[in-house]
Amino acid sequence: MVLTGAPTPVTQPLAVVSPVAAEPNSPRFAPGFAAKLNLAVDLVLVVTALLVSTTMMGHDLHLERTDVWVLLGVGILSWLVVGTALCLYDMRFADRERLDDLALISIQVMVVTVVLFLTRLVMGTESWIVALSLFPPLLWPSVALLRLYFFRKLSVQEQPLDEVLIIGVGAMGRLTGEDLNSKHRRKVIGYLSFSNDTATATPPAPVLGTVKDLENILCTVPVDEVFIAGNMLKHSAEMQNAVKLCENFGIPFALPAYHFRFDRARPVDDHAVSDGYLHFMTHAFQPHQMALKRLFDIMSSAAALAVLSPLLIGVALGVKFTSRGPIFFKQKRVGLHGKTFNMLKFRSMVVNAEELKAKLEALNEQTGPVFKMKNDPRITRIGRFIRKYSIDELPQLINVLRGEMSVVGPRPPIPKEVEKYAAWQRRRLSVRPGLTCIWQVSGRNQISFEEWMYLDMQYIDHWSLKNDINLILKTVPVVLTGSGAS
């Protein structure tokens with residue numbers, strides 16, 4: 001797109017993110033594919049190293065013994081937990097230095113070996129049941145070589161992890177976009193220009209308007225991060241306004257790290273400004289705790305689906321044979337940074353519930369843009385029961401397993417509700433939505449919409465794994481008693 005004069009005002013920003021035909025050399029794999037495959041292969045290597053170490057020490061494998069399987073299970077579980085805590089399988093692992101990767105792998109192998117050794121001592125198992133002498137020298141090189149020479153290269157072929165917006169069409173903005181696109185880790189969805197900005201060449205993405213259109217863009221286009229590529233001397237006021245907007249919306253943003261030209265000077269910590277920008281978030285950055293939270297989401301949702309499978313099958317049959325329509329209700333919901341997904345529920349209403357909603361709007365008992373009604377005539381007989389005890393929400397465990405939701409987090413809103421949000425309320429989209437949050441254990445439909453939003457902000461501002469566990473423990477009695485539900 002060639003710039004001629006002032007940028008055209010925004011009219012249909014959503015058109016920018018519409019699907020385009022795949023280029024011949026476009027990335028082939030989904031974001032995070034290399035990390036997930038790396039983890040799966042490493043777990044196989046852990047088990048293989050334990051078994052091979054035992055046989056190489058001259059011992060027979062007694063796979064019929066329970067203690068052998070317990071030790072294998074401890075090896076897998078400890079590798080999962082330690083690897084997650086170290087962020088060894090973070091989707092951006094390839095951005096780390098090779099020596100950093102080797103250091104993390106070394107720590108991982110040592111910790112897991114110690115855990116296995118202590119477990120064997122506690123169990124009182126004979127030393128030959130699972131031999132650990134050759135376990136580290138077998139496991140370390142296989143994990144390290146595959147990581148360095150295969151999985152790091154595989155990650156380059158993944159699709160972009162994030163969609164970013166760049167403010168500034170000058171040389172800095174254009175070069176920033178080219179740099180982000182060339183690494184295949186970020187996708188630039190568009191540019192906004194400063195009022196006195198001049199493009200030196202065609203930017204690598206469409207110009208959506210001016211910096212004055214930022215609020216409109218953030219309301220209509222999912223954005224993972226905003227790069228503010230401005231000059232402090234010329235654009236300070238507009239840059240400050242952009243920062244304020246990003247803070248209100250809870251959108252991560254980046255500011256140029258350097259405002260001067262250097263000949264010999266170098267930053268003390270190159271990693272902090274690896275792309276020439278300082279990155280900011282509106283809540284505490286805790287990557288290790290967030291990685292453990294995601295591991296908990298995966299393990300808990302998978303276990304819950306397995307344990308609750310008889311109940312899920314029973315409810316599915318009940319829904320199918322008591323009312324006309326599908327078993328599941330798929331509803332478009334807004335997730336992290338405004339990205340939409342299909343949230344799953346057991347259908348608890350009649351088939352034409354959405355059509356009837358318009359006729360019942362006047363009877364809405366909830367303040368704000370959310371529709372809630374205690375005696376909703378659209379609810380089926382079985383639907384009233386499964387809604388009271390939140391059984392209709394159980395299929396969302398599949399959304400959690402997919403990574404679209406978390407066990408704990410603000411409830412995902414529908415797009416029409418988000419359209420009515422004030423700017424500060426959109427900050428609840430800055431974290432992954434969840435099955436339960438403070439609202440669910442504080443009266444649910446008995447509190448106002450405004451209070452609900454403030455509770456979500458409280459959760460975001462004071463998030464920790466400890467608080468998540470407390471909320472889960474508080475949710476259990478609320479669900480069992482059906483307190484506050486309608």
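Leaving aside neighbours within four places in sequence, R333 is in contact (heavy atoms within 4.5 Å) with K339, T340, F341, M343, K345, P412, P413, I414 and P415. R333 lies in strand β7, residues 328-334; helices (H or I, at least four residues) and strands (E, at least two) are DSSP runs, numbered from the N terminus. The side chain of R333 reaches the backbone oxygen of P412 at 2.4 Å. R333 is buried yet has no salt bridge, and E417, the nearest side chain of opposite charge, is 5.8 Å away. Here buried means under 20% relative accessible area, exposed over 50%, and partly exposed in between, with a 1.4 Å probe and protein chains only. A salt bridge is a side-chain nitrogen of Lys or Arg within 4 Å of a carboxyl oxygen of Asp or Glu. For charge, Lys and Arg count as positive and Asp and Glu as negative, while His and the chain ends are not counted.

This is a predicted model, in which local features need pLDDT of at least 70 and side-chain atom pairs count only at pLDDT 80 or more, whereas totals for chains, interfaces and linings use all residues. Residues are numbered from 1 along each chain as its sequence is written, and side-chain values use heavy atoms, with hydrogens and water left out.

K345, one of the contacts of R333, forms a salt bridge with E393, the closest N and O atoms being 3.7 Å apart. This pair links distant parts of the chain, 48 residues apart: K345 is in strand β8, and E393 is in the loop between α11 (381-388) and α12 (396-402). K345 is buried, at a relative accessible area of 13%, whereas E393 is partly exposed at 21%. The loop between β7 and β8 (340-346) holds H337. H337 has a positive phi of about 55° although it is not a glycine, and with a relative accessible area of 12% it is buried.

The structure holds 16 salt bridges. One of them joins the side chains of D162 and R186 at 3.3 Å, N to O. D162 in strand β1 (residues 162-167) and R186 in strand β2 (residues 186-193) are 24 residues apart, and the pair links distant parts of the chain. D162 is buried, with a relative accessible area of 15%, and R186 also counts as buried at 15%. R92, D162, R186 and E225 are linked in a network of salt bridges. Another salt bridge joins R402 and E404, with the closest N and O atoms 3.7 Å apart; E404 is partly exposed at 25%.

The nonpolar residues come next. A nonpolar core is a set of buried Ala, Val, Leu, Ile, Met, Phe, Trp, Tyr and Cys residues joined through side-chain atoms within 4.5 Å. The largest such core has 27 residues, and those with the most contacts inside it are L50, W79, L116, V130, F135 and L139. The elements that give it two or more residues are α1 (33-56), α2 (66-85), α3 (98-123) and α4 (135-155), and α3 gives the most, with six residues. L139 touches L45, V46, A49, W79 and V109, not counting residues up to four places away in sequence. Apart from this core lies another, of 23 residues, among them Y421, I447, W452 and L471.

Aromatic rings of Phe, Tyr and Trp (its six-membered ring) pair if their centres lie within 6.5 Å; planes under 30 degrees apart count as stacked, over 60 as edge-to-face and the rest as tilted. The count by this rule comes to 10 aromatic pairs. F150 and F151 are edge-to-face, because their ring centres are 4.9 Å apart and their planes stand at 75°. F150 is partly exposed at 41% relative accessibility, whereas F151 is buried at 1%. Y421 and F449 form a tilted pair, 6.1 Å centre to centre with 40° between the planes. Y421 lies in the loop between α13 (415-419) and β10 (434-436), and F449, 28 residues apart from it, lies in helix α14 (residues 449-461). Y421 is buried at 9% relative accessibility, and F449 is buried at 3%. Y421, W439, F449 and W452 form one aromatic cluster.

Helix α14 also contains D461, which counts as partly exposed at 40% relative accessibility. Leaving aside neighbours within four places in sequence, D461 is in contact with T282 and R427.

How values were computed. A polar contact is a pair of N or O atoms within 3.5 Å; within protein, one must be able to donate a hydrogen and the other to accept it, and residues adjacent in sequence count only if both atoms are side-chain atoms.
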